Amino acid sequence: MKSDTATLAKYLALPQNGAVMATYIWIGGNGTDLRCKTRTLNKVPASVADLPEWNFDGSSTNQAEGHDSDVYMKPAAIFKDPFTGGDNILVMCDTYNKDGTPHATNGRAPAVEIFSKAPEEKPWFGIEQEYTLFDTDGQVFGWPKGGFPGPQGPYYCAVGADVIYGRDVVEAHYKACLYAGVNISGTNAEVMPAQWEFQVGPCEGIEAGDHLWIARYILQRVAEDFGIVVSFAPKPIKGDWNGAGCHTNVSTASMREEGGMKYIEEAIEKLSLRHDAHIAVYGEGNEARLTGHHETANIKTFKSGVANRGASIRIPRPVAAKGFGYFEDRRPASNMDPYKVTGIIVETICGLAGERQMSICDD
């Protein structure tokens with residue numbers, strides 16, 4: 001149901017008498033669903049250290065059994081709340097068991113540990129999040145009821161009501177992310193109609209995951225207002241339609257310096273040796289997307305190339321010309337966990353796999 005914005009506005013305008021609404025956000029039991037609940041604070045927190053830990057009923061999120069259902073949340077990052085405004089905040093949290101160990105669905109804590117082992121490399125990530133808009137009845141937004149639009153070709157980065165579906169959601173999301181403090185760097189219409197992309201980054205280390213998860217949360221909340229459903233399915237429509245990915249652009253301090261191509265090539269070689277380990281955490285249902293068609297490499301093979309969008313790893317042409325910069329991992333699916341993906345990439349390219357083999361997919 002669409003938001004009744006006119007009625008809601010008069011309540012959002014009410015003063016809060018110095019109180020702060022803090023919406024705690026966490027990743028649910030299936031690893032892709034976001035959950036949230038809100039509490040009142042007596043003052044504006046200066047940092048996450050000022051925020052209390054909290055808990056939730058894990059038996060209702062597929063994260064615990066009913067006889068021992070408390071799962072704990074630790075605040076990890078703060079963003080401004082674009083929905084209630086003022087001093088109100090969004091709080092990205094990770095989840096913990098009663099004994100203080102990270103919950104099985106917590107990909108953030110292992111990623112933090114991995115990044116701590118190679119701080120000198122200062123890994124930067126730019127993540128390209130693709131998604132598809134649907135009506136609440138399960139029909140792709142804007143598509144003919146019971147039918148299909150014309151073939152792909154005129155929709156990518158297009159303009160016009162006959163080829164663009166859902167731009168209001170996209171632009172509202174962009175503005176809301178900027179207000180919240182998300183490092184969103186761009187957006188565009190994708191190849192399949194009603195499919196869009198936004199980019200987050202460059203972010204260093206764990207911030208890439210924090211910012212992408214909050215950007216996803218904001219997107220789904222914005223879509224609620226429009227009565228539209230966001231899908232992160234890697235292959236939302238079968239047939240001759242592009243899937244949805246989450247291409248991850250990567251660089252380290254060594255790669256960003258003159259002569260960095262050597263380190264890019266070394267990283268690609270290391271990635272080739274752990275292809276299966278990466279695919280295991282690059283998203284559910286990715287086999288339907290990584291077919292070797294529609295700008296993908298086959299899921300069973302690894303290949304790299306300059307400006308090759310049919311490769312597993314693409315080196316942008318300007319990077320190849322300059323001899324330093326970054327590479328793009330095109331394998332992650334749109335529903336991937338960015339904590340796990342950024343974690344395993346650093347684990348592999350920095351040679352940390354021997355220290356903590358498959359650390360981010362123990363669950």
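Leu14 is placed in the loop between helix H1 (5-12) and strand S1 (20-27); helices (H or I, at least four residues) and strands (E, at least two) are DSSP runs, numbered from the N terminus. The model is predicted, so that local features need pLDDT of at least 70 and side-chain atom pairs count only at pLDDT 80 or more, while totals for chains, interfaces and linings use all residues. Residues are numbered from 1 along each chain as its sequence is written, and side-chain values use heavy atoms, with hydrogens and water left out.

Together with Leu8, Tyr11 and Leu12, Leu14 makes a nonpolar surface patch of about 380 Å². Patches consist of residues with over 30% relative accessible area and no salt bridge, nonpolar side chains (Val, Leu, Ile, Met, Phe, Trp, Tyr) being joined within 5 Å and like charges within 9 Å. Accessible areas come from the Shrake-Rupley method with a 1.4 Å probe, and for residues only the protein chains shown count as cover. A salt bridge is a side-chain nitrogen of Lys or Arg within 4 Å of a carboxyl oxygen of Asp or Glu.

Strand S1 belongs to an open sheet of five strands in the order S2-S1-S5-S4-S3, with mixed pairing; two strands pair if DSSP finds at least two bridges between them. Strand S2 (34-41) and strand S3 (54-57) are at the edges with a single partner strand each, so one side of each is left without a neighbour in the sheet. From one strand to the next, the twist averages 40 degrees.

Within this sheet, S3 and S4 run antiparallel and are joined by four bridges, with Trp54 opposite Met73 in S4. Strand S4 (residues 70-80) is also antiparallel to strand S5 (residues 89-96), to which eight bridges join it. Here Pro75 stands opposite Cys93 in S5, and Lys80 stands opposite Ile89 in S5.

Two backbone features follow. Most residues other than glycine have a negative phi, and most peptide bonds are trans. Ala194, although not a glycine, has a positive phi of about 80 degrees; Ala194 lies in the loop between strand S7 (184-189) and S8. In strand S8 (residues 195-204) lies Pro202, and the peptide bond from Gly201 to Pro202 is cis, with omega near 5 degrees.

Finally, the axes of helix H4 (residues 207-226) and helix H9 (residues 338-349) come within 8 Å and cross at roughly 155 degrees. That makes H4 roughly antiparallel to H9.

Technical notes: Axes fitted to C-alpha atoms, helices over the stretch in contact; angles between N-to-C directions. Parallel < 35°, antiparallel > 145°, perpendicular 65-115°, else oblique.
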